[in-house]
Amino acid sequence: MMQLEHIIGDVVCLVLRNSDSLKELNLVGPMIHLKIRGYDKMGLWIEHPGLVIVKTEDSAGKAIPLKKQIKESVDASVLITWDNIQSIMHYPNREGYDFP
(Lines give C-alpha, C1' and ligand atoms only; values in the text may rest on other atoms or scores of the structure.)
Protein backbone atom coordinates (compact mmCIF):
# COMPACT_ATOMS: atom_id res chain seq x y z
CA MET A 1 0.00 0.00 0.00
CA MET A 2 1.30 3.44 -0.94
CA GLN A 3 1.59 6.06 1.80
CA LEU A 4 2.05 9.82 1.43
CA GLU A 5 5.25 9.73 3.49
CA HIS A 6 6.88 7.78 0.65
CA ILE A 7 6.47 10.58 -1.92
CA ILE A 8 8.01 13.44 0.06
CA GLY A 9 11.08 14.60 -1.87
CA ASP A 10 9.99 12.76 -5.02
CA VAL A 11 8.70 14.08 -8.34
CA VAL A 12 5.13 12.93 -8.97
CA CYS A 13 2.48 13.53 -11.58
CA LEU A 14 -0.54 15.44 -10.26
CA VAL A 15 -3.81 15.44 -12.15
CA LEU A 16 -5.75 18.54 -11.14
CA ARG A 17 -9.49 19.10 -11.08
CA ASN A 18 -9.13 22.83 -11.81
CA SER A 19 -5.80 23.71 -13.40
CA ASP A 20 -6.94 27.31 -13.98
CA SER A 21 -6.62 27.93 -10.23
CA LEU A 22 -2.80 27.74 -10.51
CA LYS A 23 -2.32 29.74 -13.74
CA GLU A 24 -1.41 32.89 -11.82
CA LEU A 25 1.51 30.95 -10.31
CA ASN A 26 2.73 29.79 -13.75
CA LEU A 27 1.71 26.19 -13.04
CA VAL A 28 -0.16 25.37 -16.23
CA GLY A 29 -2.01 22.26 -17.33
CA PRO A 30 -4.34 19.67 -15.86
CA MET A 31 -1.42 17.23 -15.50
CA ILE A 32 1.87 18.48 -14.03
CA HIS A 33 5.05 16.90 -12.67
CA LEU A 34 6.20 18.46 -9.41
CA LYS A 35 8.49 17.74 -6.46
CA ILE A 36 6.59 17.09 -3.23
CA ARG A 37 7.88 18.96 -0.17
CA GLY A 38 5.27 17.78 2.30
CA TYR A 39 1.59 17.55 3.10
CA ASP A 40 -0.86 18.59 5.78
CA LYS A 41 -4.61 18.53 6.34
CA MET A 42 -5.06 21.22 3.66
CA GLY A 43 -3.18 19.53 0.82
CA LEU A 44 0.19 18.88 -0.80
CA TRP A 45 3.07 21.34 -0.55
CA ILE A 46 5.07 21.30 -3.77
CA GLU A 47 8.29 22.94 -4.91
CA HIS A 48 7.61 25.66 -7.46
CA PRO A 49 9.69 24.72 -10.50
CA GLY A 50 11.67 27.78 -11.52
CA LEU A 51 9.98 30.77 -9.92
CA VAL A 52 11.70 33.93 -11.18
CA ILE A 53 11.01 37.46 -9.95
CA VAL A 54 12.01 40.35 -12.21
CA LYS A 55 12.77 43.74 -10.69
CA THR A 56 11.17 46.22 -13.11
CA GLU A 57 11.17 49.38 -10.94
CA ASP A 58 13.79 51.08 -8.82
CA SER A 59 13.23 52.20 -5.20
CA ALA A 60 11.66 55.46 -6.43
CA GLY A 61 9.12 53.59 -8.57
CA LYS A 62 10.84 54.52 -11.84
CA ALA A 63 10.88 51.87 -14.59
CA ILE A 64 14.17 50.03 -15.06
CA PRO A 65 15.20 49.59 -18.72
CA LEU A 66 14.70 46.03 -19.96
CA LYS A 67 18.45 45.37 -20.36
CA LYS A 68 19.13 46.45 -16.75
CA GLN A 69 16.30 44.54 -15.09
CA ILE A 70 17.43 42.01 -12.51
CA LYS A 71 16.06 38.46 -12.49
CA GLU A 72 16.13 36.52 -9.25
CA SER A 73 15.40 32.80 -8.93
CA VAL A 74 13.36 32.21 -5.80
CA ASP A 75 12.88 29.01 -3.79
CA ALA A 76 9.13 28.71 -3.17
CA SER A 77 6.59 26.18 -1.95
CA VAL A 78 3.01 26.12 -3.23
CA LEU A 79 -0.01 24.54 -1.56
CA ILE A 80 -2.27 22.50 -3.82
CA THR A 81 -5.42 21.77 -1.84
CA TRP A 82 -6.82 18.25 -1.59
CA ASP A 83 -10.07 19.24 -3.31
CA ASN A 84 -8.08 20.23 -6.41
CA ILE A 85 -6.17 16.93 -6.68
CA GLN A 86 -7.90 14.31 -8.80
CA SER A 87 -5.05 11.80 -8.84
CA ILE A 88 -1.38 11.33 -7.92
CA MET A 89 0.96 9.11 -9.92
CA HIS A 90 4.22 8.12 -8.23
CA TYR A 91 7.21 6.58 -10.02
CA PRO A 92 8.98 4.34 -7.49
CA ASN A 93 12.57 3.53 -8.43
CA ARG A 94 12.49 5.71 -11.57
CA GLU A 95 15.73 7.65 -11.95
CA GLY A 96 15.21 11.39 -11.57
CA TYR A 97 11.78 10.99 -9.97
CA ASP A 98 12.28 8.83 -6.88
CA PHE A 99 14.68 10.21 -4.28
CA PRO A 100 15.57 8.45 -1.02
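These questions and answers explain how terms are applied to this predicted model.

The model is predicted, so local features need pLDDT of at least 70, side-chain atom pairs count only at pLDDT 80 or more, and totals for chains, interfaces and linings use all residues. Residues are numbered from 1 along each chain as its sequence is written, and side-chain values use heavy atoms, with hydrogens and water left out.

Q: Why is the pair lysine 23 and aspartate 20 called a salt bridge?
A: A salt bridge needs a side-chain nitrogen of Lys or Arg within 4 Å of a carboxyl oxygen of Asp or Glu. Here the N to O distance is 3.4 Å. The pair therefore meets the definition.

Q: Why is lysine 23 called partly exposed?
A: Buried means under 20% relative accessible area, exposed over 50%, and partly exposed in between (1.4 Å probe, protein chains only). Lysine 23 has 45%, so the middle class applies. Aspartate 20, at 48%, is partly exposed too.

Q: What makes arginine 37 and glutamate 47 a salt bridge?
A: Their closest N and O atoms are 3.3 Å apart.

Q: How do you know whether aspartate 75 is buried or exposed?
A: Its relative accessibility is 60%. Exposed means over 50%, so aspartate 75 counts as exposed. Arginine 37, in contrast, is partly exposed at 31%.

Q: What makes a set of residues a nonpolar core?
A: Its members are buried Ala, Val, Leu, Ile, Met, Phe, Trp, Tyr and Cys residues joined through side-chain atoms within 4.5 Å. The largest one here has 14 residues. Those with the most contacts inside this core include Leu14, Leu34 and Ile80. Strands S1 (11-16), S2 (31-39), S3 (43-47) and S6 (77-81) each give two or more residues to this core.

How values were computed. Helix = DSSP H or I, 4+ residues; strand = E, 2+ residues; numbered from the N terminus.
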